[in-house]
Amino acid sequence: MTAVEGQRPDHWVIIGAGWSGLACAVEAVGRGVAVTLVDAAPAAGGRARRVELRIGDRDFTVDNGQHLLVGACTETVALMRRLGVEPEQALLSQPFTVRYADGWTLGAARAPAPLHLALGLAHARGVSWRDRLALAAWVARQQHRRWQLSDDCPVAALFRSQSACLVRRLWRPLCIAAMNAEPEHASAHLFLNALSLTLGGAERDSHLLLTRRDLSSTMPEAAQRYLERAGAVLRLRQPAVGLTRSGSGWSVNLREERIEADRVVLAVASDSAARLLESASMRSLDTAIADLRELQYEPLATVYLRYAAGIRLPEAMYALLDEPAKGFYGQWAFDRGRIDPAHEGLVSVVIGGPALRFERDREALCSAADRQLTRDFALPASIAQSAVIERRATLLPGVGLRRPPARLPAPRLYLAGDVADSPFPSTLEGSVRAGLEAARIALSDAAPP
């Protein structure tokens, strides 16, 4: 609700300064709301932020995980523009392509939809014509069904008509990339929703967007500057420890002070959200608390390998054939030097949650990634390595996943982040959309009748 002249604007406390909390705050201040944003971390960004790594004798500014956007991430791209970040400069756009070192390639062409998919199939390499026809028929069926299911099921059930080769080289890697879970354990409903935005949309929606700069400068720092200029208050290193009803609003208890709020938005991890809701001591929140307690997280590792000058991958991005039983865990490789010249000689290898059940030791993961790239690309041994492991990177998107609604069953209390009910899995776009949704619902509730 835009503040009416002469009236005190609504004051919201948004707990959590990750991508969802920041998106919520930006939307709120743009509508005249006074916002206080609090977070226990020393910097904004949540689970998608920069880290400083020393790799050998050099310092690198990298991400805490290799995140991937697509052209269909319209709300994230729009938010970047609103904050003064030009996506064309911050993101490297490439047509959707799944490419392996042995030449197997399948992707979309630069052509209007749906020709981009048809031409992509026609120009595929290493893919049998039988597989191409089966894939085209499968996509056509999903488009006819509007990418919807009557009942949720494992992702693996979607591809019973597809060959083992297509599942191994296309669908399983895409499932792990989008969901950070094996097809046998991931929700087909959430996976189809993600595919509908990319394969089911315009040609530009299927583009892969690789971050040229670190994630913190891609959105969180620009959001922080925007909010400060708008008069919002940011309290970092200030964890919220409790909620108490106060009149028609809430008191948010920090460790050393209390903040009064007309409305409160929780944009934090499931365990933190559950603890805060429990502190409110309201029976109406019991179901939401129980659902939050049931949510599980999956880890994600990114190994950074530094090579001697002149060593590069032929392209910026490759899929990898992981074989955890043989000690090969990597699923995707990115030549960071082809994306950002400041990272010349640096290759990142992404290892999703399923493979991390086999190995979580950093040195072992670095050694395994080194051997895997030598096997696949005939690269020499790297000269230095480092690894970042995000222990709670994404929600486990299980079949029938239940998440509480954005409008919680308590007055003036809302939920954002990937723990809020959403048609999408744990992604940056999903988090941004959840933050905007929470803000818009709260603004609607605050509007005069």
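Partly exposed means a relative accessible area between 20% (under which a residue is buried) and 50% (over which it is exposed). D286 has 39% relative accessibility, so D286 counts as partly exposed. This is a predicted model.

## Salt bridges

The structure contains 27 salt bridges. D286 takes part in one of them, with R283 as its partner. The closest N and O atoms of R283 and D286 are 3.4 Å apart. R283 has 73% relative accessibility, and because that is over 50%, R283 counts as exposed.

A salt bridge also joins E344 and R312, at 3.5 Å from N to O. This pair links distant parts of the chain, 32 residues apart. E344 sits in the loop between α12 (336–339) and β18 (346–351). R312 sits in the loop between β15 (297–306) and β16 (317–319). E344 is partly exposed, with a relative accessible area of 35%. R312 is partly exposed too, with a value of 36%.

R407 and D445 form another salt bridge, at 3.0 Å from N to O. R407 lies in the loop between β19 (384–395) and β20 (413–415), while D445 belongs to helix α15 (residues 428–446), so the pair ties together parts that are 38 residues apart in sequence. R407 is partly exposed, at 42% relative accessible area. D445 is partly exposed as well, at 33%.

| Pair | N to O distance |
|---|---|
| R283 and D286 | 3.4 Å |
| E344 and R312 | 3.5 Å |
| R407 and D445 | 3.0 Å |

Salt bridges also form a network, which links R168, R172, E182 and D322.

## Helix packing

Helix α15, which carries D445, also packs against another helix. The axes of α15 and helix α2 (residues 74–82) come within 8 Å. They cross at roughly 70°. An angle of 65 to 115 degrees counts as roughly perpendicular, so α2 is roughly perpendicular to α15. On the α2 side, the residues that meet α15 are T74, E75, T76 and L79. On the α15 side they are L428, E429, V432, R433, L436 and R440.

Helix α4 (residues 115–122) and helix α5 (residues 129–144) form another packed pair. Their axes are 10 Å apart, and the angle is about 165°. Angles over 145 degrees count as roughly antiparallel, and α4 and α5 are therefore roughly antiparallel to each other. Their crossing is right-handed. From α4, the contact uses L117, L121 and A122. From α5, it uses W129, R132, L135, A136, V139 and Q143.

Strand β12 (residues 249–254) is joined to β13 by 4 bridges, and the two run antiparallel. Where does W250 stand? W250 is opposite A261 in β13.

Note on methods
Residues numbered from 1 in each chain as written. Predicted model: local features only at pLDDT ≥ 70, side-chain atom pairs only at ≥ 80, totals over all residues. Heavy atoms only, no water. Salt bridge = Lys/Arg side-chain N within 4 Å of Asp/Glu carboxyl O. Buried < 20%, exposed > 50% of the residue type's maximum accessible area, 1.4 Å probe, protein only. Pairing = 2+ DSSP bridges. Axes fitted to C-alpha atoms, helices over the stretch in contact; angles between N-to-C directions. Parallel < 35°, antiparallel > 145°, perpendicular 65-115°, else oblique. Left-handed = near helix turned anticlockwise from the far one by under 90°. Contact = heavy atoms within 4.5 Å.
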